[in-house]
Amino acid sequence: DAAAQPFGNPLRLKGEFWEKGKLYKKEEEDLPDDAATLLSDLRGLQSALASLEELVDDGRYDKLQTQLRGGRFSDSALR
């Protein structure tokens, strides 16, 4: 609805920002109480980001796109 948008959207992009003019904000989650669990989670994220960086360094952008769209590390998980 153009009246609800603070600006135009001629490309008809989808998403909370483009459709309603509001930034997406994920509900905050509590950090694990156990330091070992937190460290394990962080190591997993570090490994996932390192594998994405390797794909960029190798110029494998098709594989990078696949990984960012629900593969090992998805953009929705980042939010």
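Where is Leu39 found? Leu39 is found in helix H2, and what we are looking at is a predicted model.

First, the overall layout. The protein has 4 helices and 0 strands. Reading along the sequence gives the pattern α-α-α-α. Of its 79 residues, 11% count as buried.

Next, confidence. The average pLDDT for the protein is 76, and 68% of the residues reach at least 70. Among the elements, H2 has the highest mean pLDDT, at 90, while helix H4, residues 75-78, has the lowest, at 54. Please keep that in mind when you look at helix H4.

Back to Leu39. Its relative accessible area is 43%. Buried means under 20% and exposed means over 50%, so Leu39 is partly exposed. Leu39 also belongs to a nonpolar patch on the surface, together with Leu42 and Leu45. The accessible area of these three leucines together is about 260 Å².

Now a leucine with another setting. Leu52 also lies in helix H2. Is Leu52 buried or exposed? Its relative accessible area is 9%. The limit for buried is under 20%, and therefore Leu52 is buried. One distance to go with that: the C-alpha atoms of Leu52 and Gln65 are separated by 9.5 Å, and the two residues are 13 residues apart along the chain.

Last, the charged part of the surface. Which residues form the negative surface patch? They are Glu27, Glu28, Asp30, Asp33 and Asp34. Take Asp34 as the example. Asp34 sits in the loop between helix H1, residues 16-20, and helix H2, residues 35-57. Its relative accessibility is 42%, so Asp34 counts as partly exposed.

To recap: H2 holds Leu39 and Leu52. Leu39 is partly exposed, whereas Leu52 is buried. Asp34, in the loop between H1 and H2, is part of the negative patch. That is all from me.

Notes
Residues are numbered from 1 along each chain as its sequence is written. This is a predicted model: local features need pLDDT of at least 70, side-chain atom pairs count only at pLDDT 80 or more; totals for chains, interfaces and linings use all residues. Side-chain values use heavy atoms; hydrogens and water are left out. Patches are made of residues with over 30% relative accessible area and no salt bridge: like charges are joined within 9 Å, nonpolar side chains (Val, Leu, Ile, Met, Phe, Trp, Tyr) within 5 Å. Accessible areas come from the Shrake-Rupley method with a 1.4 Å probe; for residues, only the protein chains shown count as cover. A salt bridge is a side-chain nitrogen of Lys or Arg within 4 Å of a carboxyl oxygen of Asp or Glu. Lys and Arg count as positive and Asp and Glu as negative; His and the chain ends are not counted. The place of a charge is taken as NZ of Lys, CZ of Arg, CG of Asp or CD of Glu. Helices (H or I, at least four residues) and strands (E, at least two) are DSSP runs, numbered from the N terminus. Buried means under 20% relative accessible area, exposed over 50%, partly exposed in between (1.4 Å probe, protein chains only). pLDDT is the predictor's confidence in each residue, from 0 to 100.
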